[in-house]
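Take a look at the model, try each task, and then follow the solution.

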Amino acid sequence: MAETRGGLLPVAPDLLVVTAGLLLAVVLFPLRFLSGQLFIQVLPPLVGVACLVYLFARYRDREYERAFEQRRLGTDGRVAAGLTVLGIGGLAVLGATEGGRTVPFLAASGVVGSAILAQIVLLDDEALSPGLLLVQILGLAVVVRYTALLTTPGLVGVDSWTHLTDYAAAIRSEESLAAIADVKYRTAPLFHVLVVVAADGLGVGLRTATYASLGVALPLATLLCYATGHLLFEQRWALLGAAVFAMSDHVVRWGVHIIPTSVGLVFFLGALAGATRLLGGDTRLSSYLLVAAFGVATALTHQISAFILLVVLGVGTAVQLLAPVLSGDGSRSGALWPLFLLETCVVLGLWSITPYRDSVFITELIDTVQRSLATSVGFLNLAGPSPAGPGGGGGGAGTPIQIAFADALGFFTLFFVVVLGGVALFRRRNASPATAMYAVAAGVLAVFTFGLPLFGFNTFLPGRWYAFMYVPMALVAAGGCRFAVRNLSPRTAMAGLLMFALVLPGAMALNHKGTPDNPVFDEEFPTYAYDESELAAVETVRTTRADSADPIYTDHPYRTVFERTGAAPANMLAVEDGEIVHDTVVYRQYQSRGAPVVVVDNTSQTRQVSQTEVCRPTMHRLYTNGDVTVCTGVDGIDGA
Amino acid sequence: MSDRTVRSSSVGAPSLGGALDLALTVGLALIGAVVLSLQIGLPPVVRGAIVLPLLLVVPGYAVVAALFPGAHGTSPTSVVEPPLVERLGLAVGLSIAIVPAVGIGVDAVWSLTLVPVLDGVAAVTIAASVVALVRRTRLPIRERFRATAAIQAALRGAHDRPKTQLFLLTAVLLSVVAIGASGVVATTGDGQGVTEFYLTTEGPDGQQVLATNETVGNESVHRLVVRSPDAPQTRYTVVARTGVITTSGVTDRQTLGRTAVTTGPRGTARTTYDLALDRGERPIELVYLLYEGDPPAEPTRNNAVRWLRVQIG
């Protein structure tokens, strides 16, 4: 049982990793005195505690798995499955009657999610039915996503408006990709073409076609996460990884805000499933073709997704090269380096012909990186979209710490188990090139997501990395739970796993990134969806506005709909010296009761404004539908 | 990059059961390509039943079958063959890559229209299915992937304990009905449509455009629009009131007129006020109040369903 050495290292690799983790926690701990940012406050202690738990369990050096097995439930899994399936049906009814993903709906979805995780953890091997559990996981994923999609008029999110109402609509009307010849999606049009083909095939609009096709495909992609997990672990832990992935906030986010990133995530999962096959010893040409096909598809869909896949393939290649040094037998594995090389060539080739601004994508990217390094990079320079900011996972500036913590609780819960699993997967008996790749990939993606923004480097849009990072995180977390069952006393492991099962689904459900249609803390985080009145106003402005009319001013994100649908040039409302003074303003009730983003003294921030602040009583009031009002100033009127 | 599955072995003739999935795949692809090229007016449900599998599963399934012809776990060398769940996941992922990739190819030589794309998808599906069939037949019979066997394996044990099985089936049925009904409810509007009320002026090309601060104050003719698409043939009343703006507020309020309008079949009604205002030294406030049906005796902003305001002078 005792193991102290691995590979060519003088110490066991897991001990090396846990020591590095503890050192990192100690080094990063004092940052809490320099920054109040939630992730800086919480993550270092989490890393430290998880490493200590690992060391504690490892040095007890006892095998508990059999004792834990004896405590598992031998009941018929179909009873638990039936009850949970009824819960999923009830959840759909609740969503329809509530008219969206309200707090009761999200709470209920958390309960159903906990029931699924509890089955995975508690049922004994005979009662555990992977098919039944996958049906439940997919059922919950579909109901959660479709409740948001079907109860929200228009589209959810910001970019979806551009991709559907601009790019896809142009391709459909011109019946040619030449319609997007000037934008960077000219070389990454898979999403748009698929949506157009679906719309033509189904004979419906682009929104309906997107929801009917990709709305189904995205939850189904969870099967790829399960398949990958099954190549690494036993069925139970593969199911746990798939369930955690499907319930994760950012994964839900790209299931309701359906854009090329969403499709990139599916291809990313496919490429990883193929890469795991290769690393697991399936060295047939078929496995290489699988990774190559998904790799090219990712590059043809979304630039950031392709870059993230490149990073993970690079990690896999590096892990393979270091395999003799670390641990595990990599002699049976297929080589990842040819695929890494191929993906690099494809990505660089495409980026060198991708139009972007006045140049090509690769040139602009290098310029942007250089500019960022020269201007905005500095230690703890958290200005801009930090991990806590609009692109990230925590609360925005000014968000009360309790709310920010509740919002990020799901991530913290997952992160703790991931650290535990990340270390455990380096233990010689667990280690394989594939598990090591996922453990290292989770760490490297976390560096891109949290580490670089810590230095003010946000060029790689860290907010987009979360969902991709959740793939290795979910799998490594499954490894962490397996380690707990094997190495902690049955009572401790049971308590920990139950806590995980109870907290994670509900906490993930209430995160604002997973609920852009209706965030729980709706006065702290903007709602990226609109009601019928708000969309009717946009449409009327679009169809009746004179070309010569002034640009309009309204809140963010509402302004993005005016801009991206081509209704009107739109800017953010600005509060200067306590006053809002613009020629043409659009007020909506959300500005007085939600979380509108406006410019206050040249800084964007969430701030409520009253109707009389925006549409002053002295202004012309030229349009209203009860919720939305368009006002213009009286200046410039003849005779005024 | 060796290929251990494709190797010389005892060759068995293809059986219907072993190729049922491929036959179904080819059949679905052909039905989709042929039916949609005929441009028959199909009901949306039928259209969806034909098109969605073609977009989401069929081509990817055929390609996965071609790549992995063996069955999972039937021999020591076939342990690495993907099980059914992995095949389905890969099928979905590959399908949503293949369909648009064919679209890009079609766009390069033709125009991006439905029929050539579906024809291309059908061609890819048939080609992949033929490769899959050939590769399967080169395997020993018991090592070949058989969808029917994989499904049977997945359902193994379903007949044990019939009471709990019945409970599970009932729960699934109830849940499916609940989810379907909820989908219908969620997509059905609440019947309370939006009522818009706005002022237009004549634009540079003579068309009516949303009024702006540069046009509205100069116009003596105000065109008002009531738009309520969910309420066609509904009667509204517009009340126009004026007042003089002073430093202490608005004085000399009076009603200029009332106009009854009824929305047309598309829920839109228009009315025009040709104002002959006595423009004195002080600015005038003009307020348009909208009521559903008749207005109250004392119309105000508070009792109107919508109101607009223009300042003149």
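**Exercise 1.** How many residues of chain B are in contact with chain A, and with how many residues of chain A? Then state the area buried between the chains.

*Solution.* Keep in mind that this is a predicted model. Start with the contacts: 82 residues of chain B touch 92 residues of chain A. Next comes the area, where about 7,300 Å² is buried between chain B and chain A. Carbon and sulfur atoms give 68% of that area.

**Exercise 2.** Find the polar links across the interface, and name a salt bridge with its distance.

*Solution.* Begin with the residue pairs in polar contact between chain B and chain A: there are 25, with both residues at pLDDT 80 or more. Then turn to the salt bridges, of which the rule finds two across this interface. One of them joins Arg284(A) to Glu81(B). Their closest N and O atoms lie 2.4 Å apart, and the pair qualifies because the cut-off is 4 Å.

**Exercise 3.** Which element gives the most to the side of chain B that touches chain A?

*Solution.* List the elements that give two or more residues to this side; among them are α2 (44-56), α4 (84-109), α5 (114-137) and α7 (162-187) of chain B. From these, pick α4(B), which gives the most, with 16 residues. Finally, sort the residues of this side by kind: 46 are nonpolar, 23 polar and 13 charged.

**Exercise 4.** Which strand of chain A is joined to β1(B), and in what direction do the two run?

*Solution.* Go to β9 (residues 620-624) of chain A, which two bridges join to β1(B). The two strands run antiparallel. For one bridge, follow Thr624(A) to its partner in β1(B), Phe197(B).

Methods
Residues numbered from 1 in each chain as written. Chains lettered and ligands numbered in written order. Predicted model: local features only at pLDDT ≥ 70, side-chain atom pairs only at ≥ 80, totals over all residues. Heavy atoms only, no water. Contact = heavy atoms within 4.5 Å. Buried area = accessible area lost by both parts, 1.4 Å probe. Salt bridge = Lys/Arg side-chain N within 4 Å of Asp/Glu carboxyl O. Polar contact = N/O pair within 3.5 Å; in protein donor to acceptor, adjacent residues only side chain to side chain. Helix = DSSP H or I, 4+ residues; strand = E, 2+ residues; numbered from the N terminus. Nonpolar A, V, L, I, M, F, W, Y, C, P; charged D, E, K, R; others polar. Pairing = 2+ DSSP bridges.
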